[in-house]
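Keep the viewer open as you read.

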Amino acid sequence: TVFTQEWPDEGKGDDSCEEFFLLDGRSPVQLPETWGEARADFFSLCGQEGYSMETCETSMQTVFRGYPDATSIANLKIDEALCSRLLSLAEASQEIDGWPGKEVRQADIDLF
């Protein structure tokens, strides 16, 4: 399977997955290009929100289940399923009172 970096087209009006990776203030030219970069960026964003390394690792494994692993240099392809996982977890963490510092509940991780 060939994986290529594909972010939602501006014409489609859905740039929410791209925005997920821009939450840390990076420039759009700094979006992850490989699966390894996407996993590392996800882990970093999770930690910046105040979650534990264990929670971030579990969340990362859940979100990226079925996609190339962290060592992969294959080009990133954002599909609807991955986008849905990213956005569901982001929404779940926003609903936790008092975060950052609160742990993501297992039920939030199990949304996928």
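Start with two phenylalanines: phenylalanine 20 and phenylalanine 42 are both buried, where buried means under 20% relative accessible area, exposed means over 50%, and partly exposed is in between (1.4 Å probe, protein chains only). Before going further, some housekeeping. This is a predicted model, so local features need pLDDT of at least 70 and side-chain atom pairs count only at pLDDT 80 or more, while totals for chains, interfaces and linings use all residues. Residues are numbered from 1 along each chain as its sequence is written, and side-chain values use heavy atoms, with hydrogens and water left out.

Now the rings. Rings of Phe, Tyr and Trp (its six-membered ring) pair if their centres lie within 6.5 Å; planes under 30 degrees apart are called stacked, over 60 edge-to-face, and the rest tilted. That rule gives four aromatic pairs. One of them is phenylalanine 20 with phenylalanine 42, a stacked pair at 6.0 Å centre to centre with 20° between the planes. Phenylalanine 20 sits in helix H1 (residues 16–21) and phenylalanine 42 in helix H2 (residues 35–48), so this contact ties together parts that are 22 residues apart in sequence. Helices here are DSSP runs (H or I, at least four residues), as are strands (E, at least two), numbered from the N terminus.

Tryptophan 35 and tyrosine 67 make a stacked pair as well, because their ring centres are 5.0 Å apart and their planes are at 20°. This pair also links distant parts of the chain: tryptophan 35 is in helix H2, and tyrosine 67 is in the loop between helix H3 (53–63) and helix H4 (80–94), 32 residues apart. How accessible is tryptophan 35? Its relative accessibility is 0%, so tryptophan 35 counts as buried. Tyrosine 67 is buried too, with a relative accessible area of 16%.

Buried along H2 are Trp35, Gly36, Ala38, Arg39, Asp41, Phe42, Leu45 and Cys46. After H2 comes glycine 50, whose phi is positive, near 95°.

With 15 residues, H4 reaches 21 Å from its first C-alpha to its last, close to the 21 Å expected at 1.5 Å a residue. The buried residues of H4 are Leu82, Cys83, Arg85, Leu86, Leu89, Ala90, Ala92 and Ser93.

On to the covalent links. A search of the whole structure finds two disulfides, each being a pair of cysteine sulfur atoms within 2.5 Å. In one, the sulfur atoms of cysteine 17 and cysteine 83 are 1.6 Å apart. Cysteine 17 is in helix H1 and cysteine 83 in helix H4, so the bond ties together parts that are 66 residues apart in sequence. Cysteine 17 counts as buried at 0% relative accessibility, and cysteine 83 is buried with a relative accessible area of 10%.

The other disulfide joins cysteine 46 to cysteine 56, S to S 2.1 Å. This link is left-handed, with -90° about the S-S bond. Cysteine 46 lies in helix H2 and cysteine 56 in helix H3, ten residues apart, and both cysteines are buried. Counting bonded cysteines along the chain, the pattern is 1-4, 2-3.

Last, the charges. How many salt bridges does the structure hold? There are two, a salt bridge being a side-chain nitrogen of Lys or Arg within 4 Å of a carboxyl oxygen of Asp or Glu. Arginine 26 bridges to aspartate 24, with the closest N and O atoms 2.7 Å apart. Arginine 26 also bridges to aspartate 41, where the closest N and O atoms are 2.7 Å apart.

Aspartate 41 is buried, with a relative accessible area of 16%. Together, Asp24, Arg26 and Asp41 are linked in a network of salt bridges.

How values were computed. The expected span of a helix is 1.5 Å times one less than its number of residues.
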